[in-house]
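Me: Could you take a close look at one part of this model for me, the pocket and what sits around it? Keep it chatty, but give me the numbers.

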Amino acid sequence: MDDLLKLGTSTLCEASGLQNISFVEALRPVWTGARMAGPAWPVRCAPGDNLAIHHGLATAPEGSVLVIDGAGVSTGYWGEVLTVQAQAAKLAGMVINGCVRDIDALEARAFPVFARGISMVGTAKACAPSWGESMNMLGVDVAPGDLVVADTDGVLVLPVACVSATVEAGIAREAKEADFMEKLAKGATTLELMGLG
């Protein structure tokens with residue numbers, strides 16, 4: 001996981017050569033400096049209802065990242081109570097297509113959360129469509145165990161079969177970019193280095 005975090009989402013996204021692995025919608029860190037990497041544990045909620053999160057949290061493997069589809073609804077699906085439970089369960093973090101609340105507490109507890117937005121409005125607890133099952137969220141396929149990496153640049157999901165090759169390509173890309181930056185610092189231009197017309 002350290003290699004994934006060190007390389008960062010932008011490098012990994014480019015190095016993977018894959019399409020539809022990053023959430024093009026604005027799922028942003030709710031506190032500055034949040035970042036995480038870990039295997040996905042998908043959860044699909046009914047709109048405005050977080051019962052599936054309670055089930056997903058109770059069954060998520062240690063070290064995993066909850067990837068929650070809240071259908072983009074602006075209710076506070078997640079807050080400090082669930083964060084305390086997630087940290088006790090040793091989860092790596094959470095990503096949600098929906099809103100969260102108790103932001104000051106999440107930051108104070110240093111639990112990485114990436115969300116569509118913030119809302120103080122509470123949720124129902126009546127319906128739980130699925131947890132621990134593959135799903136598609138915002139055009140990205142998410143299966144249990146896929147690798148989730150999230151930082152200030154965004155959130156991506158790497159299929160397990162592609163992780164090793166992506167990390168290897170990312171390391172090579174990083175070395176090439178270091179050489180590129182050194183040449184730029186000495187006065188070269190992107191036009192000449194990239195062969196742009």
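Reply: Strand β4 and helix α4 (80-88) each put at least two residues into the lining of the largest pocket. Bear in mind that this is a predicted model. The space in that pocket comes to about 170 Å³. Its lining counts 14 residues, and the ones closest to the centre are Asn50, Gly79, Leu82, Arg101 and Lys125. Sorted by class, you get 6 polar, 4 charged and 4 nonpolar lining residues.

The structure has 1 aromatic pair: Trp78 with Phe111, stacked, with 6.0 Å from centre to centre and 10 degrees between the planes.

For another buried piece, turn to strand β11 (residues 154-158). There, 5 of the 5 residues are buried, so the strand is largely enclosed by the rest of the structure. Both of its faces are covered: Val155 and Val157 are buried on one side, and Gly154, Leu156 and Leu158 on the other. As for its partner, β10 (residues 147-151) runs antiparallel to β11, and 5 bridges join the two. A hairpin of 2 residues links β10 to β11, and Asp151 stands opposite Gly154 of β11.

Key:
Residues are numbered from 1 along each chain as its sequence is written. This is a predicted model: local features need pLDDT of at least 70, side-chain atom pairs count only at pLDDT 80 or more; totals for chains, interfaces and linings use all residues. Side-chain values use heavy atoms; hydrogens and water are left out. Rings of Phe, Tyr and Trp (its six-membered ring) pair if their centres lie within 6.5 Å; planes under 30 degrees apart count as stacked, over 60 as edge-to-face and the rest as tilted. Buried means under 20% relative accessible area, exposed over 50%, partly exposed in between (1.4 Å probe, protein chains only). Helices (H or I, at least four residues) and strands (E, at least two) are DSSP runs, numbered from the N terminus. Two strands pair if DSSP finds at least two bridges between them. On a 1 Å grid over the protein atoms alone, a cavity is a set of points where a 1.4 Å probe fits but cannot get out, and a pocket is an open set with protein on both sides within 12 Å along at least five of seven lines; lining residues have an atom within 4 Å of a point. Grid points are joined across faces, edges and corners, and a volume is the space filled by probe spheres set on the points. Ala, Val, Leu, Ile, Met, Phe, Trp, Tyr, Cys and Pro count as nonpolar, Asp, Glu, Lys and Arg as charged, and the others, Gly among them, as polar.
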